[in-house]
Amino acid sequence: MTDTATTAPPVSAGAAGAGRRSARGLPWALLSRIGAAVLGGYAFCWGFIALAHSGLYALGMPFHDGEHLSAILGVLLYLVVFLWTFAARRTGVTWAVLLAGGGVMTGAAALIQRALLG
Amino acid sequence: MFQNFRLSMAWLHTWFGLVLGFVLMVVFFYGSLSVFDREIDRWAIPSSRFAPQPMPSFDTILAPAFQKMQPAKEAVALLEGRVNGPLPERFEVVNSWGAYTTHRDPVVSVFAGFKVPNAKDPDETVFAVHALDPRSGAVLPQGQLRIGSEFFYPLHYSLHLTWKDLGYWIVGFSALMMLAALVSGVVMHRKIFREFFTFRRHKTVQRGALDLHNLTGVVALPFHFFFAFTGLVIFAGIYFPVAHTQLHDLHELHERVEARETGLPHERAGVAAPMASVDKMVAQAQRRWEAKGMAGDVGFVNVTHVGDANAYVSVYRAGTDRVALTGEGIHFKATTGELLRKDPPRTAVDSVNEFLTGLHLQHFRHWMLRWLYVLGGLLGCVCIATGFLFFVEKRKQQHAKAGGQGARIVDALAVTTVTGMLIATMAMLVANRLLPESLADKGEWERTVFWSAWGVAMVHAFVRGGAVARAGMNPAWREQCWLVAAGAMTAVVSNALTTGDHLARTISTGYWPVAGVDLSLLATAVVSVLVARKLARRAEQSTASATSTPLPKGGALGASMKNAEASHG
């Protein structure tokens, strides 16, 4: 194991300024990455769970089955997107995908709910 | 910013593992104790030391107790700000009465949910919860704390941080990071099978710690993954409250449709009505289970819309021989005892969900699996603790040279969460036996002792940590091991003196709940003494070598370790 926080050099300037460090403490790129993984990941999984839950209910699955199934899958999805955010080369892409994806899915769930409520 | 996938995973593993490892240590340890929460309850409350009982008569035992119930002051205080106008003195409208018991419970848990008048959220419910002696209907003394199920168990999943459910969120995030640490740990260690059979116990503390970290992490990997994952599934409704926020209206629609389909009223009628005999409904439910070839005990009885014409009674079979907590629900009209509905067979999704949550909570009967859970949980503790040790050992030479305090701080926090946590636990058990039973707020005192002892252990760990900043070993590890041993012995002895239930008696009469706690305490004492003596020997050796050579012993080793580390990757 290598202690990257102290030994890994910040990536070359070519990486779109991703290696810019604040004067002290954690580099901004790192904070942004942690934020994308935690908050972006949460927003994405919220959208997924809302869409899967309302969608499965619309397709005829019992309400609480839809709730449980979407939560079980949503938790696993959170793990996957969290790891992906850390492994991804560019943090900006992860922010965009997670927030846009989460937003679109949350919106779709709202539309499904509106349609079902008639 | 990370050069490759493995380095990104290594960073994630090291730093999230370090920060949240302290939380995970608490979660794993008190999760392990919660496997025997009911047994610890017996030990802590001698008046509940009798054999497990079946669900008592509703009409003669439970109903009179329910009628007297009101929410506790603390529960009412949490409603502050959630109600328009003042809080009522008495809560009159009862949403539900419930009683739950398992094959391990001498006492039955009873809970009453009350409608909160003028609440901002119309569904707001405040609960009263008691433990009741099913033989007499007497409620256990209110000031006494069931340490297993009311303190260790909630500590496992909520850290007792009730403000805005903060503890649930911290534990939930830590569980997610546990999953991430398991995946990233596997990625970091490509030669996982070779490492699995590697344990260089005699080399150095650093190698030994890493090998033990890998061994415990890999051998219990499926166990750890399963428990972190199912823990998240159990509280998914708290972490992603989609059905109660964004999809609230859909949820309401579903409940109205469901009420129509099942015939179980969703709302009160608003007309008061008396209840028929619930015992007769319970007897009928048991006859129906028997007719299906699955005779069993009652695990859960619930009355919805209590005192109303729309009230109904639900009777569930105990899951003693199933993974699911309860099942086979049968519902009756409370005013007449007429059968309203039998729950249909579980759907595939429901079966999966019940399996995941039921296997985590283990209310079924399987003593061997129960002990394996303890073993798995303790292996998790070893995995986390050796992770801390490896972190410290790897850096302390470097930090000592640079005059940094990082290793010292991490080491002191590790002492606090390993031996300090044990000291707090022992102090609480000793306080439980030595404080007078008649003390009004006995449980509160026990909580105070627990947190105070932990705080003192933390201060001790930091004060004694100077040696780590000089690349040495913190003597607090050794000193606290002695304290743990002394505390465990005191707990066993004070249990014998204050209750007369010494080991000779509990073992000869086969009262395993109390004997098991005492034997576990003795085992803890033995292990603590062995560790303390081993650490003392090591401290002597290192002072001896420090005086004979100009460099502290670790210094020379540190250099060769650096090479070992480099090859390790």
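Modeller: Start where B:Arg317 stands opposite B:Gly327 in strand S6 of chain B. Strands, like helices, are DSSP runs numbered from the N terminus: E over at least two residues for strands, H or I over at least four for helices. This is a predicted model, where local features need pLDDT of at least 70, side-chain atom pairs count only at pLDDT 80 or more, and totals for chains, interfaces and linings use all residues. Residues are numbered from 1 along each chain as its sequence is written, while chains are lettered from A and ligands numbered from 1 in the order in which they are written.

Colleague: Over how many bridges do S5(B) and S6(B) pair?

Modeller: Two strands pair if DSSP finds at least two bridges between them. Strand S5 (residues 312-318) of chain B and S6(B) have six, in the antiparallel sense. S6(B) also pairs antiparallel with strand S7 (residues 339-342) of chain B, over three bridges. There, B:Phe332 stands opposite B:Leu339 in S7(B). Five residues lie between the strands of this hairpin, and B:Gly337 takes a positive phi near 85°.

Colleague: Where do the side chains of a regular strand point?

Modeller: They alternate between the two faces of the sheet. Now check burial. A residue is buried if 20 or more other C-beta atoms lie within 10 Å of its own, exposed if 12 or fewer, and partly exposed in between, with C-beta atoms placed from the backbone. Strand S6 (residues 326-333) of chain B has seven of its eight residues buried. For chain B, 43% of the 569 residues count as buried.

Colleague: In what order do the seven strands form the sheet?

Modeller: The order in chain B is S3-S2-S1-S4-S5-S6-S7, an open sheet with antiparallel pairing. Strand S3 (125-132) and S7 of chain B stand at the edges with a single partner strand each, so one side of each is left without a neighbour in the sheet. Eight antiparallel bridges join strand S2 (residues 108-115) of chain B to S3(B). B:Ser109 stands opposite B:Ala131 in S3(B).

Colleague: Which helix packs on the sheet?

Modeller: Read contacts first: two residues touch if their C-beta atoms, placed from the backbone, lie within 7 Å. Helix H12 (residues 278-291) of chain B packs on the sheet, touching strand S4 (298-304), S5 and S6 of chain B.

Colleague: And how many residues does the contact take from each chain?

Modeller: Chain B gives 35 residues and chain A gives 40. H1(B) supplies the largest share of the side of chain B that touches chain A, eight residues.

Notes. Axes fitted to C-alpha atoms, helices over the stretch in contact; angles between N-to-C directions.
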